[in-house]
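Subject: Structure for you to look at

Hello,

Here is the structure I said I would pass on. Please open it beside this email and follow along; my notes come after it.

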Amino acid sequence: MTEPLGASGLILNEKLLWEKGRKGRSGFSMPESDVPSSPLPMELVGDGPDFPDLSEVDVVRHYTRLSTWNFGVDTGLYPLGSCTMKYNPKTNERQAGLSGFSGSHPMLPESLCQGALKLMADLERFLAEITGMDAVSLQPAAGAHGELAGMLVIHAWFKKKGNSRSKIIIPDTAHGTNPASAALCGYIPVQVHTGAEGILAPETIAAVMDEETAGIMVTNPNTLGLFENHLKTISEIVHAKGGLVYADGANMNAVMGIADMGRIGVDVLHLNLHKTFSTPHGGGGPGAGPVCVKKYLKPFLPVPRIIQKDSGQYALSEDFPESIGKLLAFHGHFGVLVRAYSYILSMGAEGLKKASQLAVLNANYLKEQLKDTFHLAYDRPCMHECVFSDRYQQEYNVTTLDIAKRLMDYGYHPPTIYFPLVVHGALMMEPTETESKEDLDQYIDTLKKIAVEAKETPDVLRSAPTRCKVRRLDETAAARKPCLAG
Amino acid sequence: MRFLPHTPEQIQLMLMVVGADSLESLFSSIPEECRRLQDMNLPDALSEWALNRYMDALSASLAVSPDYKIFIGAGRYDHYIPATVSALKSRSEFLTAYTPYQPEISQGTLQAIYEYQTLAARLMGVDVVTASHYDGATALSESLLMAIRKTRRKRVAISSLIHPFYRRVLQTYLEPAGFEILDLPFLENGLTDLSLLEGTTDIAAVALQSPNFFGCIEELKTASKKAHEMGALFVAGFTEALAYGLLKSPGSQGADIVFGEGQSLGIPISFGGPGLGMLGCTSEHTRNLPGRLVGKAKDLDGKNGFVLTLATREQHIRREKATSNICSNNSHCALTAAMYMASLGKSGFCNLAKLNHDKAAYLCRQFSDAGFRIPFSSPFFNEFVVEFPKGFETRYQSLLEKKIVAGLPLSTFYSKLANHYLFCVTETVSRKDMDALIQEVKS
Ligand SMILES: Cc1ncc(COP(=O)(O)O)c(C=O)c1O
């Protein structure tokens with residue numbers, strides 16, 4: 001094996017903010033007052049929040065040190081399955097930081113924000129084109145918010161037809177947000193099992209789909225990294241009973257330029273711009289979760305809608321009486337939308353298709369190179385990710401968690417673990433297209449080495465990681481007596 | 001394409017390993033009926049430099065201060081952002097990481113969010129604050145869903161002086177599940193009228209915003225007492241977090257749950273998003289909170305560290321029985337807010353709040369001295385309402401041409417308030433700009 005990526009360096013300790021402050025310091029350049037003082041009535045005035053007083057240097061050192069305890073895509077390979085941790089182009093940050101975009105007020109008269117509206121109208125069109133859907137709303141703030149939007153659209157559609165339904169079919173491979181979003185609209189999830197091939201069988205759906213069921217919520221490609229080959233037939237079954245098909249499009253990175261969700265029979269779909277469209281994950285967000293629909297569901301999309309007048313001017317319209325309403329105070333996570341727009345313009349149609357092809361190539365390469373080392377849950381050509389398990393390592397009493405933790409010592413972010421739930425001890429790996437062959441090879445070597453360690457020196461895995469800022473943390477004790485503020 | 005590292009030779013080698021002839025054939029298992037019939041119709045790819053030119057032009061077409069003098073707040077506030085905050089938040093170790101599921105390799109995010117939770121709890125006067133929500137409006141909605149779960153009652157009472165857009169979002173969240181909203185009107189002094197609450201017993205929560213949409217400071221303590229007498233929870237919140245550099249915190253006035261928008265805390269306005277949904281409560285309700293929480297933990301050697309905790313409330317464990325569907329949140333905005341609060345410190349934060357109030361009070365007095373009516377007499381923070389004589393609309397339009405946005409017309413939100421405009425002033429507005437505005441409006 002070549003020299004491993006992980007090395008030990010100098011890690012600096014850093015206190016909590018309020019352990020550092022000294023009263024009388026300041027890290028802010030206070031503007032001078034040019035108006036007289038105007039005190040508020042005393043009974044309204046409080047003591048002010050107990051924030052520590054720090055100097056500018058205190059603040060800079062604090063966060064710089066903290067940042068070195070973190071691992072991001074810019075640090076290295078981050079194969080966190082289902083999260084599409086692809087490289088986040090720096091140009092996106094530049095564009096979102098332009099003063100017009102970052103300073104524009106959402107309540108200005110339309111004539112003063114044409115550029116922002118044009119950007120959003122274009123992006124809606126691009127996303128409709130990429131998915132094969134007819135209309136898009138950019139308002140949802142994240143994937144789960146897009147799911148909520150989509151379920152509300154379905155709910156509103158049935159309500160209009162005077163035909164309210166109580167259930168929704170959700171496969172056992174679904175992300176937890178799917179059932180939780182459906183429940184917010186009052187739907188009772190009906191769980192169905194994924195077939196032996198790792199995808200849904202039409203018979204399974206036919207057996208449960210009835211006129212009490214609003215439809216199905218299905219992730220395609222699914223969370224096993226497999227394309228739902230029978231989705232077209234499944235859509236027909238659902239439609240025949242008057243239901244609608246919701247597709248969780250969080251994994252669209254596998255099929256841009258290849259699959260047509262509209263043709264498959266999908267009625268509503270959400271995208272995760274923070275996955276497929278390269279906007280940074282920000283340590284947990286913000287993302288954006290646009291919701292895309294077929295023509296007949298367009299009247300239900302969130303308001304305001306962006307419309308183009310005959311004059312060519314863009315406007316915001318509330319005139320959609322069947323709309324589900326508003327999901328966010330303003331127009332969505334505009335700053336995230338600018339980044340996704342910048343990405344699509346940088347890539348073009350060919351570039352996006354190529355990205356999907358290489359994402360799938362990378363995942364299949366990883367799968368082939370590792371399937372003798374780790375148990376592969378479904379040995380079939382995969383899409384953007386592949387799911388292994390710890391079955392081969394169990395005889396050494398080594399678990400998925402141990403493998404994940406050991407990867408950190410070697411300089412990698414671990415894959416997603418213990419999800420999807422249908423694979424016991426899942427190790428879900430999504431390399432994405434922005435990883436080179438050399439980097440994948442080094443990661444593969446590392447995992448093979450870890451498999452040898454599992455056999456020969458299992459304690460090394462069980463006590464990993466040893467090179468991070470902290471060793472394994474006691475999450476059970478933390479939850480038993482939560483300390484959530486200092 | 002510069003983001004795609006594969007050389008043609010490497011692609012061939014890799015295809016051999018996976019047993020495929022071509023990149024296309026990787027998808028051969030996808031049935032014909034699921035495929036696109038045509039290539040995607042998108043604009044041709046732009047070079048980095050062509051993209052810059054295009055985006056520069058698009059961005060330049062937008063009206064922003066200081067070129068424009070914009071006297072609008074209404075949920076998004078123009079505050080100075082220190083260069084340190086912009087630089088530190090851009091560190092890619094923070095920016096390009098995801099949710100800290102693996103704590104040992106994410107201690108930077110985790111400590112920073114723990115510190116955010118702490119500073120935010122001090123600001124809001126509560127015991128616990130979540131790691132973030134999407135915005136103030138979804139934080140309000142989640143607060144009321146919490147109260148509905150807790151009290152098992154199906155109706156909530158909402159001040160009509162909560163931001164009108166927040167109330168619309170709330171409606172979207174509550175109505176499909178069959179929950180009801182009782183709107184509390186407002187009084188002549190610009191505060192919420194609580195009299196509709198008399199005699200009601202089935203209310204899960206009473207919710208107020210302070211400073212409210214008109215900028216007026218609500219009497220939270222009175223409302224809290226009323227809510228608690230009815231067995232309801234008291235929910236209080238804000239759109240302008242800076243107000244609490246000056247005002248008594250909502251928690252200290254008896255709020256059980258506090259929601260808010262934290263955009264003022266160092267986050268660019270960015271056409272309204274992303275912002276920062278702040279949501280906190282007293283410790284009694286912790287396990288009912290939606291969204292992520294960071295807690296303290298010890299490692300194997302007894303060293304202090306941080307983890308995501310109380311996950312059994314969340315969708316990835318509880319699925320449809322979770323306290324919310326939220327997964328990705330606005331963590332990076334919470335990080336930014338923490339950097340901002342740390343940069344200002346208590347002294348800076350209080351002084352800045354005072355400066356904001358002084359400026360807004362100055363402009364309000366100038367309007368009043370110039371003979372315009374200030375319809376609501378209650379004390380306010382940063383924002384206030386002015387009533388203009390009939391026909392001001394034309395003047396408003398002509399001021400736009402002079403790059404002045406003279407407040408936000410309120411009649412779209414409150415049909416009775418024709419010719420009423422909501423004005424906002426922050427530290428970024430100079431006396432000169434305010435005097436110029438008065439001259440223009442008077443003439
Ligand atoms: C398949 C799938 N669906 C939905 C979501 C939810 O998206 P978000 O975290 O943006 O709410 C995720 C990711 O977390 C996902 O992987």
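How many residues of chain B are in contact with chain A, and how many of chain A with chain B? On the chain B side there are 180, and they touch 200 residues of chain A. Please keep in mind that this is a predicted model.

**Confidence**

The model scores are ipTM 0.98 and pTM 0.98. For chain B, the mean pLDDT is 97, and 100% of its residues reach 70 or more.

**Between the chains**

Chain B and chain A bury about 16500 Å² between them, and carbon and sulfur atoms give 66% of that area. In chain B, the residues that lose the most area to chain A are B:Tyr98, B:Glu104 and B:Phe271; together they account for 6% of what that side buries. Six salt bridges are counted between the two chains, B and A. To see a salt bridge for yourself, go to A:Asp34 and B:Lys359, where the closest N and O atoms are 2.9 Å apart.

**Inside chain A**

Chain A is divided into two parts: domain 1 covers 91-344 and domain 2 covers 350-469. The C-alpha centres of these domains of chain A lie 30 Å apart. Where they meet, 28 residues of domain 1 of chain A are in contact with 21 residues of domain 2 of chain A. The area buried between domain 1 and domain 2 of chain A is about 1900 Å², with 64% of it on carbon and sulfur atoms. How many salt bridges cross this interface between domain 1 and domain 2 of chain A? The rule finds zero.

**A sheet in chain B**

In chain B, three strands form an open sheet with antiparallel pairing, in the order S11-S14-S13. Strand S11 (383-387) and strand S13 (408-409) of chain B each have a single partner strand, so they stand at the edges and one side of each is left without a neighbour in the sheet. S11(B) runs antiparallel to strand S14 (residues 420-424) of chain B, and five bridges join the two. Within this pair, B:Phe384 stands opposite B:Phe423 in S14(B). Helix H10 (residues 331-369) of chain B packs on the sheet and touches S11 and S14 of chain B. The direction of H10 makes about 10° with that of S11(B). As background, the strands of a sheet pair through backbone hydrogen bonds, either parallel or antiparallel.

Regards

Terms used:
Residues are numbered from 1 along each chain as its sequence is written. Chains are lettered from A and ligands numbered from 1 in the order in which they are written. This is a predicted model: local features need pLDDT of at least 70, side-chain atom pairs count only at pLDDT 80 or more; totals for chains, interfaces and linings use all residues. Side-chain values use heavy atoms; hydrogens and water are left out. Two strands pair if DSSP finds at least two bridges between them. Helices (H or I, at least four residues) and strands (E, at least two) are DSSP runs, numbered from the N terminus. Contact means heavy atoms within 4.5 Å. Axes are lines fitted to C-alpha atoms, for helices over the stretch in contact, and angles run from 0 to 180 degrees between N-to-C directions. pLDDT is the predictor's confidence in each residue, from 0 to 100. Domain bounds come from an automatic or database domain assignment. Buried area is the accessible area (1.4 Å probe) that two parts lose on being put together, summed over both. A salt bridge is a side-chain nitrogen of Lys or Arg within 4 Å of a carboxyl oxygen of Asp or Glu.
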